Amino acid sequence: MPDGKRTIVILGAGFAGIAAYSRLRDRMDRATTRIVIVNRANHFLFSPLLHEVATGGLGIQNAVVSIRELIDRDCAEFIQASVTEVDTEQKRLVTDAGPVRYDHLVVATGATTDFLGVRGAAEHARVLKELGDARSLRERLIDLFEDAAARETTGRAEGHLGFVVVGGGPTGVELAAEMADLFHYTFRRFYRRFSAAEHASITLLHSGPRLLPQFHASLGSRALGVLKRAGVRVMLGARVAEVSAEGVALEDGTRIAARTVLWCAGVRAVVPQARPPLPTEASGRIAVDNFFRVRGVTDVWALGDCAAVADGHGASIPMRAQAAVVQGPAAADNILASMAGQPLALFSYRPKGDLVSLGRWQAVGDIAHVRWSGRFAWWLWRTVYLFNFPSWPKRLRIAIDWTVNLFHPRDLTKI
Ligand SMILES: Cc1cc2nc3c(=O)[nH]c(=O)nc-3n(C[C@H](O)[C@H](O)[C@H](O)COP(=O)(O)OP(=O)(O)OC[C@H]3O[C@@H](n4cnc5c(N)ncnc54)[C@H](O)[C@@H]3O)c2cc1C
């Protein structure tokens, strides 16, 4: 480098990348080392809040924070760019903003939607992964109801107000619950004459025998009960064969009319194109050793959703934000140890538990091996996510949005 400093480049400013950055910032020798963060968007996205943005519960800017606000300009630089290739021989990234040289590279590129080869899903289903997905879903919900109200028809047979959510894991369950809340507490109030909320249908399809398979069966049953009471039609053991503009067809031949299909059924690792290609496991995640080093590639480390980090019990660590944030500091410590010629530390993962929100006053969760549900779990969900949001000003704004929404319908303005 021109200033003689060694450069640690972090590719991907999501949960794992920002957690690694924070530890490096605190522990590295600033006289000899600097950090460069490269990310496609100029914000860090707090994806656990996306379903709230999509349903008007949270202002769009309150689920993100500027990366520049998160970094210390004295030791780090941010480049907004898309990386098109990692050249591990020349130790540089090829980006749409020019090349970026590295001494150590941290790959934290996350995951993307996997349509699991289902016919028509990529063309016709919507996803909830990026901020833009949440914004366009919110606009679509408002448009469909305004349109139905203007024509005074629900177009029920054609599924005009039919919504299908595919996937009974946490994302699908949270989204279906939040949509039901929006229909019940906001649309019902604003579309009285037309009564659109009564004519809309939300169907949640899950291929397995119970919702939330990663939780204890009792919590899946609890979630099922809450969703049913909220008016969501839940179909278990329902495998989608095809998605089209008219709705979905199941493998058993059942057809569900729906103009809006939301795909929350699968994710796969984002592995950046590299020369030579980065090694991957059968799961598609980057192959790493127990120290986060990409197998067979010098000075390249990988963590978070994109990497198959062993959990110490024969499986890979799940693709969860809470897993990504604990990998970040551990990987950062190993990078600094490797630069100092010191031994690396083995990483072992201990999950803290998980929470799933189920709309107003309802949630289920498993924290510290204790199962929670109902109002306390709901309060816990909000408190945990609020205090994990990495910006104090945004925490305040989120708290204000949440408080206002307890007493007032959600914001239906479309700009
Ligand atoms: C709707 C939704 C709800 C969720 N809810 C929860 C929850 O409640 N609890 C939980 O634990 N987990 C939850 N998750 C999962 C969680 O978001 C992920 O596990 C977590 O984001 C993984 O962190 P990461 O740093 O590996 O990847 P990400 O946070 O996805 O970050 C990857 C970053 O890399 C960038 N990037 C990728 N490729 C390139 C490139 N070529 N060039 C430049 N930049 C690139 C991306 O833009 C992104 O900023 C949820 C996910 C979704 C989608």
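Residues are classed here as buried under 20% relative accessible area, exposed over 50%, and partly exposed in between, with a 1.4 Å probe and protein chains only. The structure is a predicted model, in which local features need pLDDT of at least 70 and side-chain atom pairs count only at pLDDT 80 or more, while totals for chains, interfaces and linings use all residues. Residues are numbered from 1 along each chain as its sequence is written, and side-chain values use heavy atoms, with hydrogens and water left out. Helices (H or I, at least four residues) and strands (E, at least two) are DSSP runs numbered from the N terminus.

Helix 1 (residues 15–27) comprises 13 residues and spans 19 Å from its first C-alpha to its last, close to the expected 18 Å; the expected span is 1.5 Å times one less than the number of residues. Phe15, Ala16, Gly17, Ile18, Ala19, Ala20, Tyr21 and Leu24 of this helix are buried. The cover over these buried residues includes strand 1 (6–11), strand 2 (33–39), strand 3 (43–45), helix 3 (67–70), strand 5 (76–80) and helix 9 (321–339), where contact denotes heavy atoms within 4.5 Å.

Helix 1 and helix 9 also each supply at least two residues of the shell around the ligand, and the largest share of that shell, three residues, comes from helix 9. A residue is assigned to the shell if one of its heavy atoms lies within 4 Å of the molecule. Of the 28 residues around the ligand, Ala16, Asn39, Ser47, Asp305 and Tyr385 come nearest. Polar contacts are pairs of N or O atoms within 3.5 Å; within protein, one atom must be able to donate a hydrogen and the other to accept it, and residues adjacent in sequence count only if both atoms are side-chain atoms. A polar backbone atom of Phe15 is 3.1 Å from an oxygen atom of the ligand, and an N or O atom in the side chain of Arg320 is 3.2 Å from a ligand nitrogen atom. A ligand oxygen atom lies 2.9 Å from a backbone N or O atom of Ala321. The ligand taken alone exposes 990 Å², of which the protein buries 91%; these areas come from the Shrake-Rupley method with a 1.4 Å probe, and for residues only the protein chains shown count as cover.

Five of its five residues are buried, so strand 12 is largely enclosed by the rest of the structure. Gly162, Val164 and Val166 point one way from the strand, and Phe163 and Val165 the other way. In a regular strand the side chains alternate between the two faces of the sheet. Strands are taken to pair if DSSP finds at least two bridges between them. Strand 12 runs parallel to strand 13, to which five bridges join it, and Gly162 has Ser201 as its bridge partner there. Four bridges link strand 12 in the parallel sense to strand 18 (residues 260–263), with Val166 opposite Trp263.

Thr203 belongs to strand 13 (residues 201–206) and is buried, with a relative accessible area of 2%. Beyond its neighbours within four places in sequence, Thr203 is in contact with Phe163, Val164, Val165, Arg233, Met235 and Ile256.

Most residues other than glycine have a negative phi, and most peptide bonds are trans. Leu212, in the loop between strand 13 and helix 8 (217–229), has a positive phi near 45° and is buried at 0% relative accessible area. Arg275 and Pro276 are joined by a cis peptide bond with omega about -10°.
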